[in-house]
Structures are given as C-alpha cells and as structure tokens.
Amino acid sequence: MQAWTEEQGVVELPDGRRIRGASARRRGGEVPAPDFAVYLLAREPQQKQWPYQWVRWRDFGLPASTGEAVETLAEAYHRAGEHRVEIACGSGVGRTGTALALLAAMSGVAPTEAVAWVRAHYHRRAVETRGQRRWVEATAASLPPRDPDR
C-alpha cells in the first residue's frame, strides 16, 4: 500500500496525511485506484473494484446521520496514514469538500477555519451551502481532542 503523490484532487492535511477528493461520476484519467474510498451519495454506489464505505448524503444537504458520517470519516482519516484514501460525491465539490473540511479539523485545523482551509487547499467552491458550513463548524467543535500519536 502506498500514499498518494501529486495526483489531481489530492489534499495534504496539516499533519501530512494525504487524501484524494474526487467525483464519483467521473474517474480521472491515470489516477491509481484507492485502497479505500468513502462515497457520500444519496444511493449506495454499485462499485466493487476496491473496499469502500457509503454515507447516505443527499446533494446540497447534510449526512443522514452525523454520527455515522463522523465514524466513517474518522476511519478514512486513520487509514490515510498508510493507504490511498479517496472521498467522493457526485461532482467532488460540495459534499466532498464538506468531508475534507471535517478531516482538516481532525488533523488540527480550528473548527472555525476548516471551511476556509479546504477552499484554499482543495477547491474554491468546496462546502457549497450555509448548512454544510454550519455542520462542519459544529461537528468539528464536538470532535474529541486530537491524539497526535494516531
């Protein structure tokens, strides 16, 4: 297993973990397959090429279950220490950006700065709605303190 290098959509979190944000509808060119993926979609993907977890999450909305989303994203965050992890929604911007902002907070970015951080490091339109911005801030603020050894 290897980490991502400079593939399109790869974000390096402040603690050095690399995670790729992507579109679930359009697989980009010569990008290697992930070792693990998280799909943020209204319907479960019919993907069988690599291990994944699905979070029920409607376009422009919030996850159906915050607890499930946080648990799944925490697993993705920990796996990203050694494996290629991909986070994907339909277009790879709104829900993916929202998830990446929460991962940035898990990595040490302040909850109030996570949206600005992901817009600067991933996509300028990441986190598309006011509700998603509020969700990132509230959910990030409720995360347990970061364990630098994990």
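**View 1. The largest nonpolar core of this predicted model has 37 residues.** A nonpolar core is a set of buried Ala, Val, Leu, Ile, Met, Phe, Trp, Tyr and Cys residues joined through side-chain atoms within 4.5 Å. Buried means under 20% relative accessible area, exposed over 50%, and partly exposed in between (1.4 Å probe, protein chains only). Ile87 and Leu103 have the most contacts inside this core. Strand E3 (36-41), helix H1 (66-79), strand E5 (85-89), helix H2 (94-106), helix H3 (114-121) and H4 each give two or more residues to this core. H2 supplies the largest share, eight residues. Helices (H or I, at least four residues) and strands (E, at least two) are DSSP runs, numbered from the N terminus. Because the model is predicted, local features need pLDDT of at least 70 and side-chain atom pairs count only at pLDDT 80 or more, while totals for chains, interfaces and linings use all residues. Residues are numbered from 1 along each chain as its sequence is written, and side-chain values use heavy atoms, with hydrogens and water left out.

**View 2. Leu103 and its contacts.** Contact means heavy atoms within 4.5 Å. Set aside the neighbours within four places in sequence. Leu103 then touches Leu13, Ile19, Leu73, Tyr77 and Ile87. Another core lies apart from the largest one. This other core has seven residues, including Ala22, Tyr39, Trp54 and Ala88.

**View 3. Thr139 in helix H4.** Helix H4 covers residues 130-141. Is Thr139 buried or exposed? Thr139 is buried, with a relative accessible area of 6%. Leaving aside neighbours within four places in sequence, Thr139 is in contact with Thr66, Val70 and Leu102.

View 4. The chain holds four helices and five strands. Take the contacts between residues at least 6 apart in sequence. Of these, 62% join residues at least 24 apart.

**View 5. The chain as a whole, with its 150 residues.** Buried residues make up 49% of them. The C-alpha trace spans about 35 × 35 × 25 Å along its principal axes. The radius of gyration, taken over C-alpha atoms, is compared with a globule rule of 2.2 Å times the number of residues to the power 0.38. A compact globule with 150 residues would have a radius of gyration near 15 Å; the chain has 14 Å, which agrees.
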